Amino acid sequence: MNSITASLQPAAKPRPRLRLPGARTWLAAGQWFVTLLLCAFLIVPVVMSIMAGLTVNYFKGVSSGLTLRWLAEVWTQYHGSVFLSLEVAAATLVVTLLTGVPAGYVLARSKTRLSRIIEEFLVLPIALPGLASALALLVVYGGFTVFRMSVAFIVVGHVVFTLPFMVRAVAAVCASSDLRTLEEGAASLGASFLQRFVTIVLPNARPGIVAGALAVLTLSIGEFNLTWMLHTPDTKTLPVGLADTYASLRIEIGSAYTILFFIMTMPLLVAMQWLGVDATGQRSAAKKRVTASSSKSPQP
Amino acid sequence: MKLASVPAAVPIALTQCAKTFRGTRVLEPLDLHIGAGETLVLLGPSGCGKTTTLRMIAGLETPDAGGRIAFGADDVTALPIEKRQVGMVFQSYALFPNLTVRGNIGYGLKIRRVPAETVRQRVDELLGMMRLTAHADKPIDQLSGGQRQRVALARALAVQPRVLLLDEPLTALDARLRDALRSQMNTLLRELGITTVYVTHDQAEAMELGDRIVVMSAGRIEQIGSPREIYYRPANRTVAQFVGTINRLAGERRDGMLTTTGGAVPLPAGSTHASPAHEIFFRPEDAYLADPAHAQLRGHIESTAFLGERTRLTVGGAAPDALLIDVAGRVELARGTPVGISIAQDALIALS
Amino acid sequence: MNDITFPLRWRIALIAPALAVFIAFWLLPMGALAQLSGDGHAFATYRAMLTNPRYMSSLGATVLLSAAVTAATLVLSVIAGLLLARREFALKRTLLALLTFPLAFPGVVVGFMVIMLAGRQGLIGALSLKLTGDRWVFAYSMSGLFLGYLYFSIPRVIVTVMASATKLDASLEEAARSLGASPWRIMRDVVLPALSPGLIAAGAVCFATAMGAFGTAFTLATDIDVLPMTIYTEFTLNANMVTAAGLSIVLGLVTWAVLALARSVSGSAVAASA
């Protein structure tokens, strides 16, 4: 009996393990601290700039009073750039819809090596610096003055940059094997390819198309690297105008102009958040799960 | 309830149809004749080629060079599925989420530019036949599994297909529902009278629904026959083991009897004289318990499994392999009890 | 499986528009840029450029900055991302929306945000003045640039980390805990290895974006020595197209090499999030 119990007891007294009271609590607190600090880091300047655009005198702060004067000034001076940005974004969206939606479908349904290669290539414009793409466009098309001075030149740059996002968003939705089975079902009922594409593929690819569209619009409105290199005094988009005002004018005007930018992008971002679209323009897995589970049906 | 204006049923003929995917032969060249109005079941485990065969008949796959498929007098080998006029029910049903039940059922007719009024009439007819009228305008994600299955069937039938193809249509449903729908499906197929090819891995479905069953394995046809033929006279071991349960008696031939560990049974007529060692097979329900003194085989109970309507006994010592014997429910035997087994003479099966 | 329902002529017809746009407005122009950068004798031109100390120090500074930003972003994003992915709390959706709002900001706006924080009238300067008597102004230097790059990188990477974290299997961590592992060990042995493909992918994209970022540096000053700014000044102030083109190609190649390396290490995760 003694030998058994003796062997169960530790040979020597164990060192007391040093345990901070609630190590997990400390870690959690640390995590919260970092998270909130990051949020503050990201949001506080935004709030500051909004305030700056609404105060009479930035150096004096809020005590100098609130005013809409800067907004009004910015609007009279720069409303052209706002409309131009919208125009460019809309045109970019149309082009990417017409080219990107079919391309996304093809790449999702073709499992050949060639389609992999094409997919790799189509992603390059966003993997490589926008500056390079802009220079490249200038090298080749800079000589065609009419084209180069027109809005179309900016649109071209935006399309090149945003097309991969549309393609990817649509491809993600079309890649599901469900769509393939639906197409086979439609084919078994006699529908030709074009009929299938219009009546079955497009309606069911709609979540991807919407996600891609939101991404394209947001990216186009905010695009600077390419646009700065390509713009002329007549084709100034909003970000280009922002760069001008930051450099040369009062901080209140720059801030008011930034408020305009926020107003333009806010609805798009809210829509993206609401639909569960993430930074790459794809619907997040959680949203997909939600819509999938809502289609579960009760037993008969 | 018969559908108005059902077209005459067509026979289907497959000649030397094989299929190779990426260098792997998934289907050996096969010949198959399906009679007009017949329900043929393709039965086998996953990977046996049954779905590939179905998809070839549908037109979603083309057979390798040399294969021919004919619907009646028409050679359809070169026709894509859109032109073959088949009705297909997919395993996942493939209902269009962007259309209502009515929209789904009428899809094939709309494609063919049938006038709207005619479409409405036909869809109503099918809705009534499938008892879906109350759900006509619902989106499909509000339907239960059984309802979706009926929509899929209605949609396939709406276009008055020459041939009906069903790819494991009941697999996606739970067991109870499957049993209930199986008999409804059977009644429906009999009434419709369309040539039907039905793919399943479930032998109960195959037995109940098929006029003939094609048992497939590893890309080949193992046997074609009626359900009874398949069950009572399996052509080989693969068929015997896939359809139902089979017991094996291994031993030596001697004087017209097979002598094994626990006794001897008479050899079935027509068994080959290949070698002294021999095997005979029988089904669990064809053996019965008998007095060990007079029974053909003697052994002892290894375990019992009470399955409700029957009890499955595992008997050891009667043959080199343990034998599974089914007896009626109300039997309780302890482990180790010595038992005797006798088997009906015509239930003994010889297999190659 | 061979796909009969998708005929070849339709495949070509549907991808042709996108390919046409891509080739006409990106592929061929990039080819022309590459050719221009060679200026007739590619080897000599590139050698001259690559041995030029000013350009190479610019490239080196850009690489270092991008690497530092990537490292810092990954660490901060893992800490915050894990918390956000796993805990439910009131206003979580609002917090997430706030964190991802800056995703849409162009580099110029980010630069402006940095000025708000660290410029001459910046918040940090005001705080430091109160606390230490010394006004910290660093917006117009490398540290300001670092802050700016951090500003646009964090939202992107946090989103990716959250996506990866939701896919983690909680039962692995529970098993580790049942075996007595401390939180630090669990992080090291279970969580980080599971996250690492996604982290490598996100890190590569972060690096690539930082390498090519232009707007932020442009706003903060025209004399910060990162490669995109060097390219810009060569192009606009010195009208030196050949050098600008050559440096762009080098920048593109370095970026592409990093992405390819990350992809080979972590599989296809990079392609998905690039």
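The paragraphs below walk through a predicted model, chain by chain.

Let us begin with chain A, which holds 14 helices and 0 strands. Read from the N terminus, its elements run α-α-α-α-α-α-α-α-α-α-α-α-α-α. Of the 300 residues of chain A, 48% count as buried. Its contacts also reach across the sequence: among those between residues at least 6 apart, 75% join residues at least 24 apart.

How many of the 12 residues of H5(A) are buried? The count is 10, so the helix is largely enclosed by the rest of the structure. The buried residues of H5(A) are A:Gly130, A:Leu131, A:Ala132, A:Ser133, A:Ala134, A:Leu135, A:Ala136, A:Leu137, A:Leu138 and A:Val139.

Now turn to chain C. Here you will find 13 helices and 0 strands, with the elements running α-α-α-α-α-α-α-α-α-α-α-α-α from the N terminus on. The C-alpha trace of chain C spans about 75 × 70 × 35 Å along its principal axes. Chain C has 274 residues, and 46% of them count as buried. Among its contacts between residues at least 6 apart in sequence, 73% join residues at least 24 apart.

The UniProt record, an unreviewed entry, places the annotation "transmembrane region" on residues 58-84, 96-118, 138-159, 194-221 and 241-262 of chain C. Two of these stretches can be compared with the model. Residues 194-221 of chain C are 89% helix and 0% strand, with end C-alpha atoms 41 Å apart. Residues 241-262 of chain C are 100% helix and 0% strand, and there the end C-alpha atoms are 31 Å apart.

Is helix H6 of chain C, residues 123-132, well covered or hardly covered? This helix is hardly covered: among its 10 residues, the count of buried ones is 0. Just after H6(C) comes C:Gly133, which takes a positive phi of about 80°.

Chains A and C also touch one another. In this interface, 73 residues of chain C are in contact with 75 residues of chain A. The largest share of chain C's side comes from its helix H1, residues 8-38, which supplies 16 residues. Sorted by class, that side of chain C has 59 nonpolar, 11 polar and 3 charged residues.

Four strands of chain B form an open sheet in the order S2-S1-S4-S5, with antiparallel pairing. The edge strands are S2 (24-34) and S5 (74-75) of chain B, each pairing on one side only. Helix H1 of chain B, residues 50-58, packs on this sheet and touches strand S1 (12-21), S2 and S4, its direction making about 120° with that of S1(B). Strand S4 of chain B, residues 68-71, pairs with S5(B) over 2 bridges in the antiparallel sense, and B:Phe71 stands opposite B:Asp74 in S5(B).

Two loops of chain B are worth a look for their backbone angles. Most residues other than glycine have a negative phi, and most peptide bonds are trans. B:Arg22, in the loop between S1 and S2 of chain B, has a positive phi near 50°. Is B:Arg22 buried or exposed? With 7 C-beta neighbours inside 10 Å, B:Arg22 counts as exposed. B:Tyr93 also has a positive phi, near 75°, and sits in the loop between strand S6 (86-89) and helix H3 (101-111) of chain B. B:Tyr93 is buried, because 23 other C-beta atoms lie within 10 Å.

Key: Residues numbered from 1 in each chain as written. Chains lettered and ligands numbered in written order. Predicted model: local features only at pLDDT ≥ 70, side-chain atom pairs only at ≥ 80, totals over all residues. Contact = placed C-beta atoms within 7 Å. Nonpolar A, V, L, I, M, F, W, Y, C, P; charged D, E, K, R; others polar. Buried ≥ 20, exposed ≤ 12 C-beta atoms within 10 Å, placed from the backbone. UniProt positions renumbered as here; feature names shortened; annotations may be inferred. Pairing = 2+ DSSP bridges. Axes fitted to C-alpha atoms, helices over the stretch in contact; angles between N-to-C directions.
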